[in-house]
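Open the model in your viewer and keep the selection tool ready. Each stop says what to pick and what to look for.

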Amino acid sequence: NHIIIDFSIVSNDFKNVFNDMLFIDEFFSKFFLLLKISPLPKGSLIIFDEIQFCPKARQAIKTLVADGRYHYIETGSLVSIKENVKGILIPSEEETIQMYPMDYEEFLWAFDYNDSNILRDSFLQKKPLNGILHKEFMKHFKYYLALGGMPKVLSTFLQTKDFYAAEREKRKIISLYENDLKKFDSDFKTSCYLVWKQIPSMLSKHSTRFVAKAVNERADSFHFQ
């Protein structure tokens, strides 16, 4: 059993529940009442999505983990999560997990290709695949190049079989990334967004270096290549 709570859309009344964690049973009574659901069975998973919109919920993890009745996952924008920490205690119980896009093998799993060992063995043994298998793997590899490794994008494609719908989902995610970079630049007077926009054009020139001076007048603040 699990439930996903998106803090970007919940009411302020619900967010305010996390202001008082002194009596844990009373907290859970209000918690599930405002969600309009029955309490989950012990051992269920509660996912706090977009946790940056409710820093108090992040602080509450310390008490919730100590209570022990449920498991928790926090997700959200990393830039905003690191920024929205004023006035809260960062729980030592948090364990950060670095997430990556799907690789090609994981991409194949999403298409119910559970026998990707054939491809790996062929590569390691330097033996060609037969014509039918080669054609099938190449078709999905082209899908992988077009769709990328973002789970939400692939999920959209699997549901709709529509490349345009998947591309729109991808653009929405990239737009969120760019908005985060702009906010970061605004708060800290950096040029992350400008660097981000310059990367494709510079790499398309077959350059092995990122030329920081080409970004703007504050180029001396960058030291990477």
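Predicted model: local features only at pLDDT ≥ 70, side-chain atom pairs only at ≥ 80, totals over all residues.

**Stop 1: aromatic pairs.** A search of the whole structure turns up 27 aromatic pairs. Select Phe7 and Phe48. Phe7 sits in the loop between strand 1 and helix 1, and Phe48 in strand 2, so the pair ties together parts 41 residues apart in sequence. Are these two residues buried or exposed? Both Phe7 and Phe48 are buried.

**Stop 2: two tyrosines.** Now pick Tyr104 and Tyr144. This pair is tilted: 5.7 Å centre to centre, 45° between the planes. Tyr104 belongs to helix 5 and Tyr144 to helix 7, so the pair ties together parts 40 residues apart in sequence. Both Tyr104 and Tyr144 are buried.

**Stop 3: helices 9 and 10.** Select residues 163-188 and 192-203. How do the two helices cross? Their axes come within 7 Å and cross at roughly 140°. That angle makes helix 9 oblique to helix 10. Show the side chains at the contact. Helix 9 brings residues including Ile174, Leu181 and Phe184; helix 10 brings, among them, Cys192, Leu194 and Trp196. The contact residues divide into seven nonpolar, no polar and four charged.

**Stop 4: a charge over a ring.** Zoom in on Lys182 and Tyr193, both part of that helix contact. The charged end of Lys182 sits over the ring of Tyr193, 4.8 Å from its centre.

How values were computed
Residues numbered from 1 in each chain as written. Heavy atoms only, no water. Phe/Tyr/Trp six-rings, centres within 6.5 Å; stacked < 30°, edge-to-face > 60°. Helix = DSSP H or I, 4+ residues; strand = E, 2+ residues; numbered from the N terminus. Buried < 20%, exposed > 50% of the residue type's maximum accessible area, 1.4 Å probe, protein only. Lys NZ or Arg CZ within 6 Å of the ring centre and 35° of its normal. Axes fitted to C-alpha atoms, helices over the stretch in contact; angles between N-to-C directions. Parallel < 35°, antiparallel > 145°, perpendicular 65-115°, else oblique. Contact = heavy atoms within 4.5 Å. Nonpolar A, V, L, I, M, F, W, Y, C, P; charged D, E, K, R; others polar.
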